[in-house]
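Here are my notes for you to read next to the model. Keep the picture open and look for each piece as it comes up.

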Amino acid sequence: MKKTRFTYILLAAITLTVSSCGDKLDIAPTQSIDQDVALTTSKDVEAALIGAYDALGNYYVWGGQIQMSSDLLAATNELQWLGSFVDPGQFYDKRILTNNLYASNIWTNSYSAINICNNVLANIDKVDATKKNRIQGEALFIRASVYFELVRLFAKTWGDGDNTVNPGVPLVLTPTTEINNGSYVSRNSVAQVYAKVLEDLIAAESLLPDAASTRLQVK
């Protein structure tokens, strides 16, 4: 009888333990959040802007890759590429193939930063009135600066032919939430890209404060 009672107690303890562990492990996934939930408050949008700064500092954006690739592409006799990596060598030789990983990563990560800014700008009305201008100005500045780098790297320079005809880069100005057939947009002209860069920078200047010791923090 004592043995049977002990067995029941042991089974109950095991069941309770398994149930308790299951509750702790049964959590909602956090690697992705629905758009309707992700940007609902001012703090959400402010946090997204910090994500734009993080994307801007990516190795393939302002972390150094754009600068190095630009130098290699413009190089003549003042420097040489002697490394064994194929991708930077193609920039130096001015023979960049479609499967060049440096070009692909610069393009993908740059548009990722732009897309974060587009999400911030699309939800700017949710930001507290005291912070709205600065958040909007920062997002416009980041987007413009990335487009400026892209059009310089992936298009003909200003004045090399007809700026209104020369292909620039695609201007994507609204949030991209999924990749579908509509995501494959055409390239805007060099003139259109520069015009948008100037428009965003002028707007950013009017929205940002004249002086600030630190950028806006999320609190």
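1. Before we look at how helices pack, here is how the axes work: an axis is a line fitted to C-alpha atoms, for helices over the stretch in contact, and angles run from 0 to 180 degrees between N-to-C directions. Two packed helices are described by the angle between their axes and the distance between the axes.

2. A word on where this comes from. This is a predicted model, in which local features need pLDDT of at least 70 and side-chain atom pairs count only at pLDDT 80 or more, while totals for chains, interfaces and linings use all residues. Residues are numbered from 1 along each chain as its sequence is written, and side-chain values use heavy atoms, with hydrogens and water left out.

3. Now the overall layout. You'll find eight helices and zero strands in the chain, where helices (H or I, at least four residues) and strands (E, at least two) are DSSP runs, numbered from the N terminus. Of the 219 residues, 33% are buried (under 20% relative accessible area, with exposed meaning over 50% and partly exposed in between, using a 1.4 Å probe and protein chains only). Take the contacts (heavy atoms within 4.5 Å) between residues at least 6 apart in sequence: 63% of them join residues at least 24 apart.

4. Which residues touch the most other members of the largest nonpolar core? They are L49, V120, I135, I142, Y147 and L150, out of 41 residues in that core. A nonpolar core here is a set of buried Ala, Val, Leu, Ile, Met, Phe, Trp, Tyr and Cys residues joined through side-chain atoms within 4.5 Å. Helix 7 (129-154) is among the elements that give two or more residues to this core, and its ten residues are the largest share. Leaving aside neighbours within four places in sequence, L150 is in contact with S110, Y111, I114, A155 and V169.

5. Next, helix 5 and helix 6. They pack at an angle of about 90 degrees, with axes 7 Å apart, so they are roughly perpendicular to each other (angles of 65 to 115 degrees; under 35 is roughly parallel, over 145 roughly antiparallel, and the rest oblique). On the helix 5 side, D87, P88 and F91 meet L101, Y102 and A103 of helix 6. The residues of this contact divide into five nonpolar, no polar and one charged.

6. M68, S69, L72 and L73 of helix 4 make the contact with P88, F91 and Y92 of helix 5. Here the residues divide into six nonpolar, one polar and no charged.

7. Is S69 buried or exposed? S69 sits in helix 4 (residues 65-74) and counts as buried because its relative accessibility is 0%. Not counting residues up to four places away in sequence, S69 touches F91, Y102, I106 and L153.

8. Last, find I66, also in helix 4. I66 counts as buried, at 3% relative accessibility. Leaving aside neighbours within four places in sequence, its contacts are Y60, V61, I106, S110 and E149. I66 and I106 are 40 residues apart along the chain, and their C-alpha atoms are separated by 6.9 Å.

Conventions
Nonpolar A, V, L, I, M, F, W, Y, C, P; charged D, E, K, R; others polar.
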